[in-house]
Amino acid sequence: MDRASILGDAIEYLKELVQRINDLHNELESTLPSSSLTPTTSSFHPLTPTPATFPSRIKDELGPSSSPGLNGQPARVEVRLREGKAVNIHMFCGRRPGLLLSIIRALDNLGLDAQQAVISCFNGFSMDIFRAEQCKEGQDINPENIKAVLLDSTGFPNMI
């Protein structure tokens, strides 16, 4: 396949996804009273209903712990040493505004350069850094110190 065909297929697929999203919004609008779709400060998109207004069928499909803004989840951080001056970091905690920024700042303050990361905000906040290297000379990589700083940046400083 040439590039034009690949792009054409990708465009068609995106159109299908947009249509599917619109269909789901229409379904939600038809099953919920119109007053429940009013925007709230915790909503990301004005048409996204809050978790309390989800029909029970949707709540069952999503599961009990998938509502946005799960601040009651305990934070977990795992730091593993790799060869040289590198570490792997796995982190999971509840979402809050500015969390990713505070984590990136904490990594920067520790002198760590994240080379590959996967971040998800679905069902809480999850981050996997597959390789973070020490970029500042003279600083020692201590997994427990990294863990404590990251927990502190999430707002859970006493959970080591």
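Reader: In which order do the four strands of the open sheet stand?
Author: The model is predicted: local features need pLDDT of at least 70, side-chain atom pairs count only at pLDDT 80 or more, and totals for chains, interfaces and linings use all residues. Residues are numbered from 1 along each chain as its sequence is written, and side-chain values use heavy atoms, leaving out hydrogens and water. Strands (E, at least two residues) and helices (H or I, at least four) are DSSP runs numbered from the N terminus, and two strands pair if DSSP finds at least two bridges between them. With antiparallel pairing, the four strands of this open sheet have the order 1-2-4-3.

Reader: How many bridges join strand 2 to strand 4?
Author: Strand 2 covers residues 86-93 and strand 4 covers residues 125-134. Within this pair, Val87 stands opposite Ala132 of strand 4. The two strands run antiparallel, and the number of bridges joining them is seven.

Reader: At what angle does helix 3 run to strand 4?
Author: Angles run from 0 to 180 degrees between N-to-C directions, with axes fitted to C-alpha atoms, for helices over the stretch in contact; contact means heavy atoms within 4.5 Å. Helix 3 (residues 99-109) lies across strand 2, strand 3 and strand 4. Its angle to strand 4 is about 20°.

Reader: Which strands does helix 4 touch?
Author: Helix 4 (residues 143-154) packs on the sheet, and its direction makes about 155° with that of strand 1. The strands that helix 4 touches are strand 1, strand 2 and strand 3.

Reader: Which residues does Ala117 contact, leaving aside its neighbours within four places in sequence?
Author: Arg131 is 14 residues from Ala117 in sequence, with 7.6 Å between their C-alpha atoms. The contacts of Ala117, with those neighbours left aside, are Asp128 and Ile129.

Reader: In what order do the elements of the protein run?
Author: The protein has four helices and four strands. From the N terminus on, the elements run α-α-β-β-α-β-β-α.

Reader: What share of the residues in the protein is buried?
Author: The protein has 160 residues. Of these, the buried share is 30%.

Notes:
Buried < 20%, exposed > 50% of the residue type's maximum accessible area, 1.4 Å probe, protein only.
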